[in-house]
Structure formats: C-alpha cells, structure tokens
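Thanks for coming. Please have a look at the sequence and the model on the screen, and then I will go through a few parts of it.

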Amino acid sequence: PLTSSIHGTTDPVHRSHTMTTPHRNVSPPSGARAGEPSAAERTSAPDPLEGLMVSASGVRGIVGSTLTPEIILRVAGAHASLLAPGPVVVGRDTRPSGEWVARIAEGALLASGHDVVDVGVAPTPTILYAIRHHGAAGGLAITASHNPAPWNALKLFGSGGTFLTPAQSEAVAARAREGSRAWVTHDRVGS
C-alpha cells in the first residue's frame, strides 16, 4: 500500500495521488556553522500541507494531527478565493469530526464573501447535484470516503457540480501553502 508521511498510517487503496514530503536533515554547507540555517532554509518556510494527502479532489488527513482548524481555514479560504462570486454548497458524511470541520470550512467561505448552502449529511453525488440545482459557484464535501474514522477530508468542487481540474486543484494547494485567501470586510460577508 501507499504510505503517507505520517508514521504508522497507510492509504488503504492503491491509487495515484500527490503527497507532500518531509524535509530532510542535511549537513550544513561548507563555511556554515553547525546549527545555523543555510540561506535557503532561512528563506523557505515549512510546507503547511506536509503530512496531508493532496490530490486532484482535495486534501485529506488525520483529524487533529495533520487536518487541523488552521489547515481547514487555509484550504477552504484558498478554494473560496478562486471561485466566482455566488453561493457555495457544503455537505458532509457522518464522521464524528464532520460537523466541526464543516463549520470551520463554512466560516472561511462566509469570510470570503460567499453565501453557504449547507445540505448537512449527504453523499457526494447529492452535494454535486445541489451545486447544479442552486447554480452555486462551487462546493465542498467533508468526507474521507473509505478511509478509517480518524481521517477526514475536504473534497473541492467547481461550478456545475464538477470536480476541479488538476490545474485548479494545484492552484488551490499553492494558495493554501501561501496562506492566500480573500477575506472581505464586514459589509460583504456571506450568509
């Protein structure tokens, strides 16, 4: 099986996906003192998505370990910043963590100026249908599908109830890594 960068966890299904890789310890370059960061290390921050499984459909990780409130805000905020104006549909599965993950994601969407259509507990096809039905700018499904209970994920959708293209997914991941989002002022928040 594919192994994640989280010690002791595996992906139970064989499929290709992109994973972040841990930083490796290297010897200091000649002329640098031990314990002193190199120029490259001083200018590069650690990858905030490290330890998550990042794929064309979104991000997944272990709740409270790699999938944290900060990560949910980063990813949902980045996704919202790339969507056209309009409502965003949010739904979730029945995992115990689903409700709080959905509320944080919804907060990021609202803070980005999007109205939220919360369809509650619903399978992914229903969420995709709701995006089309409401003419929404996109959507989020809070579900880790077949993965064990400690996992959860944010599946990202575009307008028309479609999965994001690989280029769109890469753009969301890049913005999430940068911490880029488009928070709006008090008079433009969503409802």
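How many helices and strands does the protein have? There are five helices and ten strands. Helices here are DSSP runs of H or I with at least four residues, strands are runs of E with at least two, and both are numbered from the N terminus.

Before the details, some ground rules. This is a predicted model, where local features need a pLDDT of at least 70, side-chain atom pairs count only at pLDDT 80 or more, and totals for chains, interfaces and linings use all residues. Residues are numbered from 1 along each chain as its sequence is written, and side-chain values use heavy atoms, with hydrogens and water left out.

The pLDDT is the predictor's confidence in each residue, from 0 to 100. The protein averages 83, and 77% of the residues score at least 70. Over residues 1–29 the pLDDT is below 50, though this stretch has 59 contacts in the model beyond near neighbours in sequence. Residues 31–37 are also below 50, with four such contacts. A contact means heavy atoms within 4.5 Å.

Of the 191 residues, 43% are buried. Buried means under 20% relative accessible area, exposed means over 50%, and partly exposed is in between, using a 1.4 Å probe and protein chains only.

Now helix α4, residues 124–133. Which of its residues are buried? They are T124, I127, L128, A130 and I131. Seen down the axis of α4, these fall within an arc of 160 degrees, so they line one face of the helix. The arc is taken from the directions from the helix axis to the C-beta atoms. As a general point, an α-helix has 3.6 residues a turn, so residues three or four places apart point the same way.

What do the buried residues of α4 pack against? They pack against the strands β6 (88–92), β7 (116–121), β8 (138–142), β9 (151–158) and β10 (162–163). On the other side of α4, P125 and H133 are exposed. Just after the helix, G135 takes a positive phi of about 60 degrees.

Last, the aromatic rings. A search of the whole structure finds one aromatic pair. The ring centres of F157 and F163 are 5.1 Å apart and the planes are at 75 degrees, so the pair is edge-to-face. For rings of Phe, Tyr and Trp (its six-membered ring), a pair needs centres within 6.5 Å; planes under 30 degrees apart count as stacked, over 60 as edge-to-face, and the rest as tilted. F157 is buried, at 0% relative accessible area, while F163 is partly exposed, at 41%.
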